[in-house]
Amino acid sequence: MDSSYYTYWAKTAHTVYHLLPYHLLDVAAVGHVLLSRDTRLRRRLADLCSMQEEMLHQWLVFMLALHDVGKFSQTFQQLELKVYNTLHGTTLQQAEHTYKYRHDWLGMFVWQGLLQNTLPITLSATASEQAVSWAQPIFGHHGKPLDNTGEMNVIWNSVSRNTYFDESACQAAQEFMNSAWQLVSSTFSHAQALNIPEKISPVASWLVAGFAVLADWIGSNSHDFPFCQEHQNLEEYWSYALQKAQAAITGKMLQTKNIAALQDFTTLFPFIHTPTPLQNWVSHEAPIKDMPQLFIIEDMTGAGKTEAALMLAHRIMAQNDGSRADGIFIALPTMATSNAMYRRLAARQESNAPALYQRLFAQDQQPMLVLAHGAASIDETFQKSIEAFLRAEASNDQAYSDDDETISALCSPWIADMNRKAFLADVGVGTIDQALLAVLYSKFQSLRLLGLHRKVLIVDEVHANDAYVHQILQRVLEFHAALGGSAILLSATLPQKMKQELVNAFNTGLQANTEAKEQLQQASFTEQQIQARRSQRGVLRQITQSQHITDFCVECDKYPLATVFDGSNIYKQPLEMRAELVRDLKIRLIFVTNDTVHGTAFDIIREAVKNERCVCWIRNTVKDAIEAYEALAKTKEFPADKLMLFHARFAMCDRQRIENEVLDHFGKQSNAQKRAGRILIATQVVEQSLDLDFDVLITDLAPMDCIIQRAGRLHRHTRDKQGNPSTHDEREEYSTLYVLAPSIARIQQQNAKKDQQDNVKATWYSEVFKGGAAVYPNHAELWRTAKVLHQEQSIKVPIDIRTFIEQVFGTRADEIETPKALLASEDNASSSNSAKRSMAMTNSIRLLEGYRHSYNSWFDDKKIPTRLGDESVTLRLAVVVGEEIRPFAAQSDEQVKKLCKPHDWRVAWAKSEVTVRASQTGELSEPEKATQNKIQELLANKEKMPDKCRYAELVLLEECPAQDENGENAEVKDKAWKLFGTEHKVYYSRTGFRLVKEEKKKSTGNTNTENTKEGGKNGKEE
């Protein structure tokens, strides 16, 4: 009881404090309980570390008991002098030394300098310089590895060591380590037989780091582990900490769930009476093995790929009761598609029936379903699932009342409060960005890996990724395979080259464990050797991938197709297509100029409305969409309430409202009354995954994969001639896709030589679609798309899909003669893609280097790019109501009551955000001094602005009268807001964010970051 470690604190709140030995045991207790309960994780870690399970368990719990040992340093202790003086009986007025190094670095410092060399005798095998490889993931529990280069040893072996650890601190740390070892050892039956490898596998180190983060986060929660400053016997406190850990983990629903027994397809999906050919194959014939597997499914929109992927995941999970995977994460290209998928998983088909995601688990389980993206906190359905969890926890009863019959989902607030924890839920849905962050130099990426590695990773629309995202996705697959995970990739239009690269990446990960185990037998690499291997690895990877291409070639002309790869074999299964998807879709390529685009499209729209059909025109940029919408409105030919605009540059509150209206009018359940004569002008937001169906579809020329995706929104569902849902489609007579394109006719001069006859200009596309030329910079691909569509005048599904994709992007591109002037854009695009791939490689972590210090900077999630594009900024819109500044989404008292909780306005502010190009904000007028003072006062108010607008720029607006193009009061009120105290209009309720100065309209663009990316191969709208 008189041990010196009782005079050290770990956490304080004013004069109240929590003793350091107790906090260290709190975290160790959490680790012990997690590994005791989670046999699947314990088994996976033991296998990766080449250790017996109980030995691994004991060793990790002991190391967790040392995770904050750096806090014994007097430089840390003197951060709170009142507490320090109380504990040490001193009267210091100021700290004796500067707190130069953080306590995590100090922990590694004292470990290397003292503790690893004085371990208990039963651990003497680890007392070598290599033991630091085990310490790195433990002491790096604050989100990134620590710099353990020679600087630490130099300082320790010099007189300056006493600056950080005097004799008292060293003695306390040493005494606590010995006591902790005795406590931990007494918990296990084979303590004396413990034999720890000198080094940790570099593959396993990523998971161990994530495990340390998780244990520390739970063990640091003062609600679960109340502050204790009274001295008590460590054995007693250890028992107390174990009880608290049990309760904390149970309360956060982190315990593993029992998996449902294998079900047939119609049992898992009772709302599907006749499975598609793809769904039948995954249910009965797809090979499922007890090893990591990669499935790539290529089939048309409407083939039921999502349900097929879930059935595959169910079969993988059901094998050996979740030993291979015990959850799912579905990664989608956009927030809108993520929201839609979340609702599909959360909804139940009838009262008291389990939701779809719940059917994957045993009936007595309560699995967690999480939504993960930048705006998940404002999704009302997801927030209801958190409230339902709290109600169930409070009443220990059913989670939902009778008025919640359509949704049956639960998520604990602890998991839901940040995206970093999302992969800890049993089932997750989110943007692909969340998975990418697991392998970027992003703080706490190891926690993401810890949750992700045991999930079946389902990635939709993989063809839509640009070179940067595609390269990082390869790294995700490499890690996922190495850590024992399986993945399912979905696409309607995946080029063979991209598919080959994805298979190669998965194979690289599968081979990593062998290489990692070989490394365990070798001496550790120095930093210089690691840098040398990095430069060499690129060459080695090229050789390895060439070998993979020979051994595991993915090439196959069949479509639809399922490809299965397990590291030893590659299996390619041609599939039949759902009968109603087999069709000959007529293509009408209409040549237009910049002056005739609107007129041509308007004629098609007039004819559609005349026949009471609904029509959509998909434009390639926000600017073009707004101009088309305003031009249609100006004609006053169409009722204003039937004309809609949908793009990504609306404030989130307006965007959610518009998305719901679009789904209501054009979704699967829409009827003739809702659809008749309705017009939607949209960007790529409707291109992917949203379940929309139009009678008539017009599109600007885009690359072939985008055209095929957009075509999937034409007669997507079976309807009668009026537009009501039906058992068969009666609209075939007008199933034509209208594609507006620059002319592809070549002008040939008489008597000119053959190589001089081609006078197509480099501006062929940009002269008609200036903004679209920046969105899709490879104009050679656009030319080949137009040529193929013009020659064939139809898309025969499925026969033409593979051919069309390869003729534009792949192995058969040389079959289409392309003007020389456009080949330059292809070269430029190729160079740009090379640069993006290089940037992706630079920004992503390296599997076999393990969790250790590197010279790359580790950034916060919101600062490291998951997608490349123009630099963007998030604007947080605010309005003045009386004397108060309120969020744009909560202007009325009723909205405040609905969106704002006491001391928590986060949802309202999140719903008030819009992301635009950074260059546009430079055109915003500087607020006057009085306005700036109001803004600063709000930012300082933690109740109203909890995050102090750290990642957004606050823009203060005031409403102004709406006017039409003629300056008269608008017939249909289009509310407008201008910058407070100026005449500069910046936001409109019907058209979104725009900067208008002196009545001259200037378009703004959006970037392809997670918060705004809504489609297109490069994710741009302008």
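Predicted model: local features only at pLDDT ≥ 70, side-chain atom pairs only at ≥ 80, totals over all residues.
Residues are numbered from 1 along each chain as its sequence is written. Local features need pLDDT of at least 70, side-chain atom pairs count only at pLDDT 80 or more, totals for chains, interfaces and linings use all residues, and side-chain values use heavy atoms, with hydrogens and water left out.

**Exercise 1.** Work out how helix α30 sits in the structure and what is found at its ends.

*Solution.* Start with the span: α30 covers residues 779-792 and reaches 20 Å from first C-alpha to last, close to the 20 Å expected at 1.5 Å a residue. Helices here are DSSP runs of H or I with at least four residues, and strands are runs of E with at least two. Next, look at burial (under 20% relative accessible area; exposed is over 50%). Because 10 of its 14 residues are buried, α30 is largely enclosed by the rest of the structure. Among them are Trp783 and Leu789. Finally, check the ends: asparagine 778 caps the N-terminal one, with a side-chain oxygen 3.2 Å from the backbone nitrogen of alanine 780. Just after the helix, glutamine 793 takes a positive phi of about 60°.

**Exercise 2.** Decide whether glutamate 733 is buried or exposed.

*Solution.* First, locate glutamate 733 in the loop between α28 (704-711) and β16 (736-741). Then read its relative accessibility: at 59%, glutamate 733 counts as exposed.

**Exercise 3.** Find how far apart glutamate 733 and lysine 721 are, in sequence and in space.

*Solution.* Along the sequence, the two are 12 residues apart. In space, their C-alpha atoms are 9.7 Å apart.

Key
Expected span 1.5 Å × (residues − 1). Buried < 20%, exposed > 50% of the residue type's maximum accessible area, 1.4 Å probe, protein only. Polar contact = N/O pair within 3.5 Å; in protein donor to acceptor, adjacent residues only side chain to side chain.
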